[in-house]
Amino acid sequence: MNDKDGKVDTDGKDEKDKDKDSKDQPLRVGVAVRKRRRALQLTLAAVSARSGLSVPFLSQIENERARPSMRSLERVADALETTAVELLAASDTARTVDLVRAGDDSGLTPIPGVRPLVRGHHQLHALEFTGDQDAGREYQHRNDELMYVVAGACQVEAEGRAYRLESGDALYLSGGVRHRWRAVTEDTRILVVAVGEHIHATSEPPSPGH
């Protein structure tokens, strides 16, 4: 992986150059993985046993010499008792306004049909799924999530009920709802937006006068 993160004074650059810098800057997920592992007082061998990934590969991830696929990152996240989304969020805390172009690199080994739309540590995350996707697992997130079908159709199972979503349909899932989903047509395109796992959403009664 080429290092394009050299410290360069951007004064005098036009907007096109600045946009290119943002596009070329990779997410340093290895730092987040190492920090989380140390917080849990786990060795690389322990994470390897939990995730099924080799110690050398995990070491390369932590030292930014290997870029894991989203599936591998999910296995690492499970071993570290967190989520891939949280590791991605913790990998970059600098961005506050970030334009993601259609062809931008997410910082991970590309997974066909999966594209992060939000980079950095923010209160929400968003992923775009295209094609014949099948997550193959059940999810349960701390906070709320919204699925919007841009094109095609998908099948969702949530709390024992089945839903078929087609183009233009949206499904809201509150925090804690167990769910799984899969695309049912090859032209399916789905946008998933959720509140970050690090956000502790609480329900408070309205204050007087509101």
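Mentor: Let us begin with threonine 83, which is placed in the loop between helix 5 and helix 6 (84-90). Helices (H or I, at least four residues) and strands (E, at least two) are DSSP runs, numbered from the N terminus. The model is a predicted one, in which local features need pLDDT of at least 70 and side-chain atom pairs count only at pLDDT 80 or more, while totals for chains, interfaces and linings use all residues. Residues are numbered from 1 along each chain as its sequence is written, and side-chain values use heavy atoms, with hydrogens and water left out.

Threonine 83 has a relative accessibility of 25% and therefore counts as partly exposed; this class lies between buried (under 20% relative accessible area) and exposed (over 50%), with a 1.4 Å probe and protein chains only. Its side chain reaches the backbone nitrogen of glutamate 86 at 3.1 Å. Such a polar contact is a pair of N or O atoms within 3.5 Å, where one must be able to donate a hydrogen and the other to accept it. Neighbours within four places in sequence aside, threonine 83 is in contact (heavy atoms within 4.5 Å) with Ala77 and Glu197. The C-alpha atoms of threonine 83 and histidine 141 are separated by 9.2 Å, although the two residues are 58 apart along the chain.

We may now turn to the chain around this loop. It contains 6 helices and 9 strands, and 37% of its 210 residues are buried. Of the contacts with a separation of 6 or more, 65% are between residues 24 or more positions apart.

In soluble globular proteins, nonpolar side chains tend to be buried together. Cysteine 154 touches, beyond four places in sequence, residues including Met147, Leu165, Trp181 and Ile190.

The buried residues of helix 4 (residues 55-62) are Leu58, Ile61 and Glu62. They are on the same side of helix 4, because they cover an arc of only 95° around the axis; the arc is taken from the directions from the helix axis to the C-beta atoms. Among the elements that cover these buried residues are helix 2 (29-39), helix 3 (44-51) and helix 5. At the start of helix 4, a side-chain oxygen of serine 54 comes within 3.2 Å of the backbone nitrogen of phenylalanine 57. Just after helix 4, glutamate 64 has a positive phi of about 60°.

Finally, consider confidence. The mean pLDDT (the predictor's confidence in each residue, from 0 to 100) is 78 for the chain, and 75% of the residues reach 70 or more. Over residues 1-26 pLDDT stays under 50. Where pLDDT is low, the predicted coordinates should not be read in detail.
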